[in-house]
Amino acid sequence: MRRGAAGEMRSRTSGLMALLALVLAAPAGAHRGAASLSVVAIDDKGGVTVTHRFTAHDVEPVLVKIAPDAQPSLDDRAALELFTAYVGRRFMVQGATLTLKSRVLAGDDVTMVFTGRMTRKPVVTVRANFFGETYPGYSAQVNVRQGGVTRSVWFKPGDGPQALEFGR
């Protein structure tokens, strides 16, 4: 049996509508940032301030793995504490012991500030290894500022430390 032109048009329209509905109903994962930004500022006296910026849409699915007994939400105090400890373990500035100074949750923005001390050096080694257990392609950008100079590096899950030179 041969379909008429009107039947064929309805079939194409139905197919396009189904495709459109599928695209519009795509999971929120399509909107995930899959990247973070960390800024390390080292002052002339060796004070270190590290500011991490994440999106809650990236963090909350990770909580399922790093805080399995808590709610996978930054509104859950236990999950937030475990996430803070996770960030502390997964980020390193060689020669600096960092402690949490502040945490700000505002909408989809998660900002954590850690502070510490170190000897100012011509080579600063950093490591950022976030969210590989959930997002194999996650990117972490780290900007290091020292003596009026900023250097940037990118990390993927599993990357080792990277050294940045600041002149002698």
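This is a predicted model: local features need pLDDT of at least 70, side-chain atom pairs count only at pLDDT 80 or more; totals for chains, interfaces and linings use all residues.
The buried residues of helix α3 pack against β2 (47-55), α2 (56-66), β3 (91-93), β4 (99-106) and β5 (109-117). These residues are Ala 79, Leu 80, Phe 83, Thr 84, Tyr 86 and Val 87. Viewed down the axis of α3, they fall within an arc of 160° and so line one face of the helix. The face turned away from this buried side bears the exposed residues Arg 77 and Arg 89. The N-terminal end of α3 is capped by Asp 76, a side-chain oxygen of which lies 2.9 Å from the backbone nitrogen of Ala 78.

The secondary structure as a whole comes to three helices and nine strands, arranged along the sequence in the pattern α-β-β-α-α-β-β-β-β-β-β-β. Of the 168 residues of the protein, 35% count as buried. Among contacts between residues at least 6 apart in sequence, 59% join residues at least 24 apart.

In soluble globular proteins, nonpolar side chains tend to be buried together. The largest nonpolar core of the present model has 39 residues, and Phe 83, Phe 130 and Phe 131 are those with the most contacts inside it. Phe 83 is also one of the buried residues of α3. Phe 131 is found in the loop between β6 (123-128) and β7 (139-146) and is buried, with a relative accessible area of 0%. Its phi is near 65°, a positive value in a residue other than glycine; most residues other than glycine have a negative phi.

Neighbours within four places in sequence aside, the contacts of Phe 130 include Tyr 86, Val 87 and Arg 90, together with His 52, Phe 54, Phe 91 and Pro 157. Ser 36, Ser 38, Tyr 138 and Ala 140 are likewise among the contacts of Phe 130. Of these, Ser 36 lies in strand β1 (residues 35-42) and is buried, with a relative accessible area of 5%. Beyond residues up to four places away in sequence, Ser 36 touches Arg 53, Phe 54, Phe 130, Tyr 138, Ser 139, Ala 140 and Gln 141. The C-alpha atoms of Ser 36 and Thr 55, 19 residues apart along the chain, are separated by 7.6 Å.

Note on methods. Residues are numbered from 1 along each chain as its sequence is written. Side-chain values use heavy atoms; hydrogens and water are left out. Buried means under 20% relative accessible area, exposed over 50%, partly exposed in between (1.4 Å probe, protein chains only). Helices (H or I, at least four residues) and strands (E, at least two) are DSSP runs, numbered from the N terminus. The arc is that of the directions from the helix axis to the C-beta atoms. Contact means heavy atoms within 4.5 Å. A polar contact is a pair of N or O atoms within 3.5 Å; within protein, one must be able to donate a hydrogen and the other to accept it, and residues adjacent in sequence count only if both atoms are side-chain atoms. A nonpolar core is a set of buried Ala, Val, Leu, Ile, Met, Phe, Trp, Tyr and Cys residues joined through side-chain atoms within 4.5 Å.
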